[in-house]
Amino acid sequence: MLTGELIRLRPLEPEDADTLWRWHNDPEVTRWLVADHPESLAQIRERFAHRKPNSFSQVNFAIESLAVGTLIGTCTLRDATPEGGRAELDIYLGEKDHWGGGYGTDAMRTLCRYGFDMMRLHMIALWVVVDNEAAIHVYKKLGFQVDGRHRQSFRGRDGQWHDEYLMSLLEGELR
């Protein structure tokens, strides 16, 4: 387990499936997530029961609040290769009562430290919808920089197309 100031990162467990199913059925939580096909609770439980183990190429973590010890989100470093020294980061907080309290920032910082220190990455990149101002604020606070803009590359739940930023953080830039 990896511990930050407010959170703990731990591997996802099969019993986390019910919580993720609840989050995935909340339009406010999934507003900026890529839309998957709807899954029943039984389907998501089955998927969780047969998940591939964490590896260098993809490591998934549950985000737990240290104060209450409950699951509040998930984060991933994916598509990593030791030769390239690069990975892409995904994160979201599903428990809305933890939004805006520094939990996402702490989880990002903890995950990036793991990527740079333990995985020996040189770059961590992410894609974010340009209109997701709260996330962009967190990413910039941690040192991520905008590398480019991908036009109309994300279709929102409302059917509208949105631009996305490609942002990255290099080893040594984490704040």
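Biologist: At 54% relative accessibility, what does Gln 152 count as?

Modeller: First, a caution: this is a predicted model, where local features need pLDDT of at least 70 and side-chain atom pairs count only at pLDDT 80 or more, while totals for chains, interfaces and linings use all residues. Residues are numbered from 1 along each chain as its sequence is written, and side-chain values use heavy atoms, leaving out hydrogens and water. Buried is under 20% relative accessible area, exposed is over 50% and partly exposed is in between (1.4 Å probe, protein chains only). At 54%, Gln 152 therefore counts as exposed.

Biologist: Where does Gln 152 lie?

Modeller: Helices (H or I, at least four residues) and strands (E, at least two) are DSSP runs, numbered from the N terminus. Gln 152 has a positive phi of about 45° although it is not a glycine. Its place is in strand E7.

Biologist: Asp 79 has a positive phi too, so what does Asp 79 count as at 49% relative accessibility?

Modeller: Asp 79 lies in strand E4, with phi near 55° in a residue other than glycine. Its relative accessibility is 49%, so Asp 79 counts as partly exposed.

Biologist: Back to strand E7, where Arg 149 is found. Which side chain does a polar contact of 2.7 Å join to that of Arg 149?

Modeller: Arg 149 is partly exposed, with a relative accessible area of 47%. Not counting residues up to four places away in sequence, Arg 149 touches Val 130, Asp 163, Glu 164 and Tyr 165 (contact is heavy atoms within 4.5 Å). A polar contact is a pair of N or O atoms within 3.5 Å; within protein, one must be able to donate a hydrogen and the other to accept it, and residues adjacent in sequence count only if both atoms are side-chain atoms. At 2.7 Å, the partner of the Arg 149 side chain is that of Asp 163.

Biologist: Which side chain does His 98 make a polar contact with?

Modeller: His 98 sits in the loop between E5 and H3 and is buried, with a relative accessible area of 9%. Leaving aside neighbours within four places in sequence, His 98 is in contact with Ser 65, Val 68, Ile 72, Leu 93 and Tyr 103. Its polar contact, at 2.9 Å, is with the side chain of Asp 97.

Biologist: Moving on to helix H3 (residues 103-117), how far apart are its end C-alpha atoms?

Modeller: The expected span of a helix is 1.5 Å times one less than its number of residues. For the 15 residues of H3 that gives 21 Å, and the distance in the model agrees: 21 Å.

Biologist: And how many residues of H3 are buried?

Modeller: Among the buried ones are Tyr 103, Met 108, Leu 111 and Phe 116. H3 is largely enclosed by the rest of the structure, because its buried count, out of 15, is 12.

Biologist: In what sense do E5 and E6 pair?

Modeller: Two strands pair if DSSP finds at least two bridges between them. Glu 88, in strand E5 (residues 86-93), stands opposite Ala 125 in E6 and is buried at 13% relative accessibility. Over three bridges, the sense of E5 and E6 is parallel.

Biologist: What handedness does the β-α-β unit of E5, H3 and E6 have?

Modeller: A crossover is right-handed if, with the strands pointing away from the viewer, the path from the first strand over the helix to the second runs clockwise. By that rule the unit of E5, H3 and E6 is right-handed.

Biologist: Last one: in what sense do E6 and E8 pair?

Modeller: E6 is mostly covered, with five of its seven residues buried. Ile 124 stands opposite Leu 169 in E8. Over seven bridges, E6 and E8 are antiparallel.
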